[in-house]
Amino acid sequence: MSGMESATFAVFGIPLRFESDAREVIDAADALFGPWRGVAMEEAWAGRAPVRIRITLALDEGGPGRQGMRIREPGRLAVRAPGIRARADVRRRAAVARVSPEVVADRERFRGGVLEMLALWLLTGLDREPLHAAAVVRGGTALLLAGPSGVGKSTLTYAALRSGLRVLSEDTVFLQESPVPRVWGLGGFVHLHPGAARFFPELRTLPPRRRANGDLKLAIHTPPVTAGIERAGICLLARGDAAGVARLAPDAVEREVAAGLDAGFDRFAATIGRRVRRVAEGGAWRLTLSPSPADAVPLLHRMLDEVEGEPGSR
């Protein structure tokens, strides 16, 4: 198609190509996935056609008719919303969308409701299954922080960042199984409830901003980690009066995670359990959080010591 512009990013090691007749679409894709530009693709994808997302501008998309997201059959998605019509097919490794200029101009909505949504629908169907968990990284080792919404994943993640750890993700990690197990993240920000500033004095003057879902959050930029992490452990988060940690068996972690999958994540209910168990075999704990997030940070470092196999740590 003449007049199309494009950009390719190796997201999670998979080449992902955006094509559009509008420069502002490519600019928005670069703002979201720019850190993955130039990242080496996984060897298994060498010589293969990239995953493709084609987005064109249209003035009257998403008018009267059934609204929302529909899974037509495994791997196929149809989306219809004001200003948006899109289709994605994992088997074809492709998605197409028609969006209005107004949607593209609304950067938060376009980022989350079009670019990220279509990209993750395709990539998660290509051996990058999502798990509702934050993750922090030290060196080449990751520690997953799994728990329900509201338990404190993001606040703990920011406290860990202040202690020198890197942020792989604040909310969702992506588990690869083949050719070797890896954990990936799509980081870049940690979003905190404005009340979290009472724990972190440097955030007291940071103005909150409204996200596409309507939530008011403090947005803290974090350097993204674009490597797939092969050495990892996991801890399940709980609330209590005092910070503490207790070891768990991998099969217990697998059962608990599989039994508590949120909507959307349950798309992978049949297969995510064995991936979680593989991570848990590197180290698994239950981490109880006190009211102060800083109390748990030394415990994170202790768990990372164990995953790394430091002498005397076990």
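## A tour of the chain

Start with the charged side chains: the chain carries 44 positive and 36 negative ones, and the centres of the two sets lie 3 Å apart. The model is predicted.

Now show the whole chain as a cartoon. The C-alpha trace spans about 65 × 45 × 35 Å along its principal axes. A compact globule of 314 residues would have a radius of gyration near 20 Å, and the chain agrees, with 20 Å.

Switch to a surface. Colouring by burial marks 47% of the 314 residues as buried. For contacts between residues at least 6 apart in sequence, 67% join residues at least 24 apart.

Select Phe12, in the loop between strand E1 (5–11) and strand E2 (14–20). Phe12 is not a glycine, yet its phi is positive, near 55°. Phe12 counts as buried because its relative accessibility is 0%, below the 20% cut-off.

Move on to Asp127, which sits in the loop between helix H3 (107–124) and strand E8 (129–138). Asp127 is another non-glycine residue with a positive phi, about 65°. Its relative accessible area is 19%, so Asp127 is buried, given that the limit is under 20%.

Finally, select Ser178 and Pro179. The peptide bond from Ser178 to Pro179 is cis, with omega near 5°. Pro179 belongs to the loop between strand E11 (172–176) and strand E12 (182–185).

Definitions and conventions. Residues are numbered from 1 along each chain as its sequence is written. This is a predicted model: local features need pLDDT of at least 70, side-chain atom pairs count only at pLDDT 80 or more; totals for chains, interfaces and linings use all residues. Side-chain values use heavy atoms; hydrogens and water are left out. The radius of gyration is taken over C-alpha atoms; the globule rule is 2.2 Å times the number of residues to the power 0.38. Buried means under 20% relative accessible area, exposed over 50%, partly exposed in between (1.4 Å probe, protein chains only). Contact means heavy atoms within 4.5 Å. Lys and Arg count as positive and Asp and Glu as negative; His and the chain ends are not counted. The place of a charge is taken as NZ of Lys, CZ of Arg, CG of Asp or CD of Glu. Helices (H or I, at least four residues) and strands (E, at least two) are DSSP runs, numbered from the N terminus.
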